[in-house]
Amino acid sequence: DFYGGGGEGGGEEEEEKEKKTAAGVVRRRLGAQMVKEGHPPSSVVFGVESLKLSDLQDERMARAKLRARLADLKHLRNLGYPQQEAMDALKKYGDLRSAYSYLERKERKSGISIQAL
(Lines give C-alpha, C1' and ligand atoms only; values in the text may rest on other atoms or scores of the structure.)
Protein backbone atom coordinates (compact mmCIF):
# COMPACT_ATOMS: atom_id res chain seq x y z
CA ASP A 1 0.00 0.00 0.00
CA PHE A 2 1.09 3.56 -0.77
CA TYR A 3 1.77 4.65 2.84
CA GLY A 4 3.80 1.58 3.70
CA GLY A 5 1.69 -0.83 5.75
CA GLY A 6 -0.56 1.60 7.62
CA GLY A 7 -2.88 -1.22 8.68
CA GLU A 8 -0.12 -3.01 10.57
CA GLY A 9 0.29 -0.37 13.30
CA GLY A 10 -3.43 -0.36 14.08
CA GLY A 11 -3.32 -4.04 14.99
CA GLU A 12 -0.80 -3.40 17.76
CA GLU A 13 -2.93 -0.60 19.13
CA GLU A 14 -5.99 -2.88 19.19
CA GLU A 15 -3.99 -5.57 20.99
CA GLU A 16 -2.87 -3.02 23.60
CA LYS A 17 -6.48 -1.90 24.16
CA GLU A 18 -7.56 -5.51 24.52
CA LYS A 19 -4.88 -6.11 27.17
CA LYS A 20 -5.99 -3.03 29.08
CA THR A 21 -9.65 -4.01 29.07
CA ALA A 22 -8.76 -7.57 30.09
CA ALA A 23 -6.64 -6.05 32.85
CA GLY A 24 -9.61 -3.89 33.86
CA VAL A 25 -11.81 -6.97 34.10
CA VAL A 26 -9.24 -8.73 36.30
CA ARG A 27 -8.86 -5.59 38.45
CA ARG A 28 -12.62 -5.32 39.01
CA ARG A 29 -13.01 -9.03 39.74
CA LEU A 30 -10.15 -9.03 42.26
CA GLY A 31 -11.39 -5.82 43.85
CA ALA A 32 -14.89 -7.20 44.33
CA GLN A 33 -13.47 -10.43 45.75
CA MET A 34 -11.28 -8.59 48.30
CA VAL A 35 -14.19 -6.40 49.45
CA LYS A 36 -16.31 -9.56 49.89
CA GLU A 37 -13.49 -10.98 52.03
CA GLY A 38 -13.90 -7.99 54.33
CA HIS A 39 -11.06 -5.67 53.27
CA PRO A 40 -11.89 -1.94 53.48
CA PRO A 41 -12.92 -0.60 50.04
CA SER A 42 -10.44 2.31 50.18
CA SER A 43 -7.59 -0.15 50.82
CA VAL A 44 -8.78 -2.41 48.01
CA VAL A 45 -8.92 0.49 45.53
CA PHE A 46 -5.37 1.45 46.50
CA GLY A 47 -4.15 -2.16 46.20
CA VAL A 48 -5.82 -2.76 42.85
CA GLU A 49 -4.44 0.50 41.43
CA SER A 50 -0.93 -0.49 42.52
CA LEU A 51 -1.01 -3.64 40.36
CA LYS A 52 1.02 -3.26 37.18
CA LEU A 53 -0.28 -4.34 33.78
CA SER A 54 2.29 -7.16 33.80
CA ASP A 55 0.97 -8.40 37.19
CA LEU A 56 -2.50 -8.70 35.71
CA GLN A 57 -1.50 -11.19 32.99
CA ASP A 58 -1.84 -14.02 35.50
CA GLU A 59 -4.86 -13.70 37.79
CA ARG A 60 -3.42 -15.93 40.53
CA MET A 61 -0.25 -13.83 40.62
CA ALA A 62 -2.29 -10.62 40.68
CA ARG A 63 -4.40 -11.96 43.58
CA ALA A 64 -1.26 -12.88 45.55
CA LYS A 65 0.31 -9.45 44.98
CA LEU A 66 -2.93 -7.70 45.93
CA ARG A 67 -3.23 -9.72 49.16
CA ALA A 68 0.40 -8.90 49.99
CA ARG A 69 -0.18 -5.18 49.38
CA LEU A 70 -3.32 -5.20 51.56
CA ALA A 71 -1.40 -7.03 54.31
CA ASP A 72 1.41 -4.44 54.14
CA LEU A 73 -1.11 -1.64 54.44
CA LYS A 74 -2.78 -3.37 57.39
CA HIS A 75 0.59 -3.78 59.16
CA LEU A 76 1.31 -0.06 58.86
CA ARG A 77 -2.22 0.81 60.04
CA ASN A 78 -1.79 -1.52 63.04
CA LEU A 79 1.43 0.31 63.90
CA GLY A 80 -0.66 3.46 64.21
CA TYR A 81 0.08 5.22 60.94
CA PRO A 82 -2.82 7.07 59.25
CA GLN A 83 -4.31 5.29 56.23
CA GLN A 84 -3.36 7.97 53.68
CA GLU A 85 0.20 8.27 54.98
CA ALA A 86 0.64 4.49 54.90
CA MET A 87 -0.74 4.30 51.34
CA ASP A 88 1.52 7.14 50.16
CA ALA A 89 4.60 5.49 51.67
CA LEU A 90 3.76 2.12 50.11
CA LYS A 91 3.10 3.74 46.73
CA LYS A 92 6.39 5.64 46.89
CA TYR A 93 8.63 2.80 48.15
CA GLY A 94 6.81 -0.31 46.96
CA ASP A 95 7.54 -2.63 49.87
CA LEU A 96 6.72 -2.78 53.57
CA ARG A 97 10.26 -2.50 54.95
CA SER A 98 11.14 0.60 52.90
CA ALA A 99 7.77 2.24 53.57
CA TYR A 100 8.12 1.60 57.31
CA SER A 101 11.69 2.99 57.36
CA TYR A 102 10.48 6.09 55.56
CA LEU A 103 7.57 6.62 57.98
CA GLU A 104 9.86 6.07 60.97
CA ARG A 105 12.42 8.60 59.66
CA LYS A 106 9.65 11.10 58.96
CA GLU A 107 8.31 10.61 62.47
CA ARG A 108 11.73 11.11 64.07
CA LYS A 109 12.34 14.23 62.01
CA SER A 110 9.05 15.81 63.07
CA GLY A 111 9.81 14.96 66.69
CA ILE A 112 6.35 13.60 67.49
CA SER A 113 5.41 10.00 67.88
CA ILE A 114 2.42 8.93 65.86
CA GLN A 115 1.87 6.07 68.32
CA ALA A 116 1.51 8.62 71.13
CA LEU A 117 -1.34 10.45 69.39
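**Pocket lining and aromatic pairs**

The largest pocket is lined by Phe46, Ser50, Leu51, Lys52, Asp55, Lys65, Ala68, Arg69, Asp72, Leu90, Lys91 and Gly94. This is a predicted model, where local features need pLDDT of at least 70, side-chain atom pairs count only at pLDDT 80 or more, and totals for chains, interfaces and linings use all residues. Residues are numbered from 1 along each chain as its sequence is written, and side-chain values use heavy atoms, with hydrogens and water left out.

User: Which element gives the largest share of the lining of the largest pocket?

Analyst: Helices here are DSSP runs (H or I, at least four residues), numbered from the N terminus. Two or more lining residues come from each of helix 3 (59–78) and helix 4 (83–93). The largest share, four residues, belongs to helix 3.

User: Are the rings of tyrosine 81 and tyrosine 100 stacked or edge-to-face?

Analyst: Rings of Phe, Tyr and Trp (its six-membered ring) pair if their centres lie within 6.5 Å; planes under 30 degrees apart are stacked, over 60 edge-to-face, and the rest tilted. These two have centres 6.3 Å apart and planes at 80 degrees, so the pair is edge-to-face.

User: Okay, and is tyrosine 81 buried or exposed?

Analyst: Buried means under 20% relative accessible area, exposed over 50%, and partly exposed in between (1.4 Å probe, protein chains only). Tyrosine 81 has a relative accessible area of 1%, so tyrosine 81 is buried.

Note on methods:
1 Å grid on protein atoms, 1.4 Å probe; cavity = no way out; pocket = protein on both sides within 12 Å on 5 of 7 lines; lining within 4 Å.
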